[in-house]
Amino acid sequence: MSGSTSEALLGGIPPPLARALHFTSRLEIESRPGFDSAILVTRENYSGLVGDYSLPEAERVACQLQRKHDRCNQSHGIGWLARTTGEREGYIGGDCAEKYFGARSQFGRDRAAARRQIDTDRLVERIAAAM
């Protein structure tokens with residue numbers, strides 16, 4: 001369904017975004033069709049979050065955030081999988097995301113929503129496992 005058709009069905013309200021995901025391995029992330037290890041994530045091309053990740057030490061990744069003059073490339077294991085306006089996905093380290101985007105940005109709002117969704121999903125899984 002196209003964006004305009006689905007918005008029309010919802011009375012002009014855009015449809016909700018897909019639920020945020022939690023990743024625990026590089027393979028989970030890098031096998032996604034939209035993942036691009038060469039993409040640079042900027043304020044201008046940032047369009048949302050796919051989810052967060054906590055990777056083992058042996059699977060640390062390079063931050064794909066565009067700084068003033070070049071790519072960050074800081075090695076990290078905890079961060080966010082960001083989507084760009086071109087529907088490509090790339091890594092953003094947790095610390096870099098905080099510094100670069102700030103808490104009052106669209107990223108800050110997306111991060112809060114993603115954390116709520118991921119925490120809710122984890123709680124539901126724990127309750128289901130306990131039954």
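Is Asp 70 buried, partly exposed or exposed? Asp 70 is partly exposed, because its relative accessible area is 46%, and partly exposed covers the range between under 20% for buried and over 50% for exposed. Keep those cut-offs in mind. Please also keep in mind that this is a predicted model.

Where does Asp 70 sit? Asp 70 is in the loop that links β3, residues 61-62, to β4, residues 75-76. Now look at Leu 40. Along the sequence, Leu 40 and Asp 70 are 30 residues apart. In space, their C-alpha atoms are 9.1 Å apart.

Let's step back to the whole chain. The protein chain has 131 residues, and 38% of them count as buried. There are 4 helices and 6 strands. Follow the sequence and the order reads α-β-α-β-β-β-β-β-α-α. As for the surface, the chain exposes about 8100 Å². Carbon and sulfur atoms supply 54% of that area.

Now the inside. In soluble globular proteins, nonpolar side chains tend to be buried together. Here, the largest nonpolar core has 17 residues. Which residues have the most contacts inside it? They are Leu 49, Leu 65, Ile 92, Phe 101 and Phe 107. Four elements each supply at least two residues of this core: β2 (46-54), β5 (78-84), α3 (94-101) and α4. The largest share comes from α3, with 4 residues.

Pick out Phe 107. Leaving aside residues up to four places away in sequence, Phe 107 touches Tyr 46, Leu 49, Trp 80, Ala 97 and Phe 101.

On to the strands. Find β6, residues 89-93. How many of its 5 residues are buried? The count is 5 of 5. Both faces of β6 are covered. One side has Glu 89, Tyr 91 and Gly 93. The other has Gly 90 and Ile 92.

The partner to look at is β5. The two strands, β5 and β6, run antiparallel, and 5 bridges join them. The hairpin of β5 and β6 has 4 residues between the strands. In this hairpin, Glu 87 takes a positive phi near 65°.

Ser 25 is in the loop between β1 (21-23) and α2 (26-30). Is Ser 25 buried or exposed? Ser 25 counts as buried, because its relative accessibility is 17% and the limit for buried is under 20%. What does Ser 25 touch, not counting residues up to four places away in sequence? Its contacts are Leu 55 and Glu 59.

Last stop, the surface. Leu 123, Ile 127 and Met 131 form a nonpolar patch there. Together they have about 360 Å² of accessible area. Ile 127 belongs to helix α4, which spans residues 106-130. Its relative accessibility is 46%, so Ile 127 counts as partly exposed.

Technical notes:
Residues are numbered from 1 along each chain as its sequence is written. This is a predicted model: local features need pLDDT of at least 70, side-chain atom pairs count only at pLDDT 80 or more; totals for chains, interfaces and linings use all residues. Side-chain values use heavy atoms; hydrogens and water are left out. Patches are made of residues with over 30% relative accessible area and no salt bridge: like charges are joined within 9 Å, nonpolar side chains (Val, Leu, Ile, Met, Phe, Trp, Tyr) within 5 Å. Accessible areas come from the Shrake-Rupley method with a 1.4 Å probe; for residues, only the protein chains shown count as cover. A salt bridge is a side-chain nitrogen of Lys or Arg within 4 Å of a carboxyl oxygen of Asp or Glu. Buried means under 20% relative accessible area, exposed over 50%, partly exposed in between (1.4 Å probe, protein chains only). Contact means heavy atoms within 4.5 Å. A nonpolar core is a set of buried Ala, Val, Leu, Ile, Met, Phe, Trp, Tyr and Cys residues joined through side-chain atoms within 4.5 Å. Two strands pair if DSSP finds at least two bridges between them.
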